[in-house]
Structures are given as structure tokens and as C-alpha cells.
Amino acid sequence: MTDPIRVLVADDQSLLRGSFRVLVDTAPGLTAVGEAGSGAEAVESACRLRPDVVLMDIRMPGMDGIEATHRIARSPKTADTRVLILTTFDLDEYVYGALRAGAAGFLLKDTSPDVLLAGIRTVAAGESLLAPSVTRRLIAEFARLPRAHPVSGTSLEGVTEREREVLLLVARGLSNTDIAEYLHLSHGTVKTHIGRLLSKLRARDRAQLVISAYESGLVSATIIPERRVRPGSGGLL
């Protein structure tokens, strides 16, 4: 039997924490291993319990969810822990801050229970997840920024032309399967390119590849050809 996905719930509202915990505990293949009411508690609990996924609220007293995510993503003790941001706020500054901190995904609290549970399984499996509406806003925000120089000095030195093509499509939000179809490559070849990009750009996951693509100046919303993605895959990064 496969071990259940271990989830830590971090939210400053006890009622919501309890509701999320019940939802997780009643879902097949998932188990809640603890709760945290602040960012500091989330970091301490993550280091102690080593969950697979942390459901992280952004606005919490003291240390907020973004700083807590940053500490969890950078700590050797929680190198295998993935953070899924869950919040009522979809402002661009929160999305950008969460992804830069190392979050594997970002969903809104009005997300349906089925989508939330699917999101937990997605990030636990090593993928990254953004709500489709958030993905569109993030792309539009980066496209609006001045392009005279990279936002934070992100460099694509050493990235091959084919890897740049793959990075462009990752930034658009296509899955590995969609990228393979679009570039007429095998699924394994796309996975190899993704792995090399993660290594060369020192990115924790695909979500940070998106950040690297925009910060480097490689990508804008106007230079990637539009492509219809199969239903159900458009929110995955």
C-alpha cells in the first residue's frame, strides 16, 4: 500500500484550520499530521513533522505565510516539503512573493473541495499549481513591467535554444504532455529538458522556472503563440 500524503494545515483562523483538517482526513490517500496558527508555528511544525505538503495561509500574525514559505523552502530539514498557498487574496504581489519564496502552488479559498484535494496531490507529486485566473494575471503583470533589464538579474547563460523553447511554453502554463505535442518531442525528452532547466537556473520547481522566464526578459505575454490546452491541464505549470 502507498503511504498517505502527509499534510500540515497553517491558518490563523481555527475554524478554517479545523475544516481543512477534516477535509484532508476524509480524503482517500491523505492525512493531516498537524495544525499551525501562525507562520512561526508553521515553520516549527514543518521542521518537526516533515509533512509532504503544507497548506499555507498568507496573512497570519507575526511571521506571514510568505516568510514562512521562504524558510521552509530553504531549510534542509524540509527540503522535500511542498507549500501550497491557500488564501482569499489573489493580488499579484502575493502571487509573485509566494512563488519567489518557493511555493509550489497558489489557490484561492473559494476553490471547491475537489480542486483543493487535487491540488494537494498535484504538488505532492512534484508538479506546480496555480489557479488559472491567477496564472493569467501573473502573465499580464510581468508583460507590463519595463523590459530594459531583468527584474532581479536572472541569467539564461548556458541555456540552449531548445531549452529556451521549452521554457517559453512552461511559462505559458503548458504541461509536459502539451509541450511534447507542441514541439513534436517525446515526453521523456521534455522531462530531460525540464530537469536541465531546473539545474541550470537553480530553480526549486516549475513555478520558479516561470519566474526565471519573466525575470530574465525572455518572455512576455505577446511573444508566445496562443495554443488551446486540453481541458483540465490549463492550470498546471
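**Exercise 1.** Work out how far helix α1 reaches from its first C-alpha to its last, and which of its residues are buried.

*Solution.* Start with the span: α1 covers residues 14-25, twelve in total, and reaches 16 Å, close to the 16 Å expected at 1.5 Å a residue (1.5 Å times one less than the number of residues; helices are DSSP runs of H or I with at least four residues, strands runs of E with at least two). A word on the model: it is predicted, local features need pLDDT of at least 70, side-chain atom pairs count only at pLDDT 80 or more, and totals for chains, interfaces and linings use all residues. Residues are numbered from 1 along each chain, and side-chain values use heavy atoms, without hydrogens and water.

Next, burial: Arg17, Phe20 and Val24 are buried in α1 (under 20% relative accessible area with a 1.4 Å probe, protein chains only; exposed is over 50%). These residues lie on the same side of α1 because they cover an arc of only 70° around the axis, taken from the directions from the axis to the C-beta atoms. An α-helix has 3.6 residues a turn, so residues three or four places apart point the same way.

Finally, look at the face turned away from the buried side: it carries the exposed residues Ser14, Leu15 and Val22.

**Exercise 2.** Find which elements cover the buried residues of α1.

*Solution.* Look for contacts (heavy atoms within 4.5 Å). The cover includes the strands β1 (5-10), β2 (30-36), β3 (53-56) and β4 (82-87). Helix α5 (113-124) is also part of the cover.
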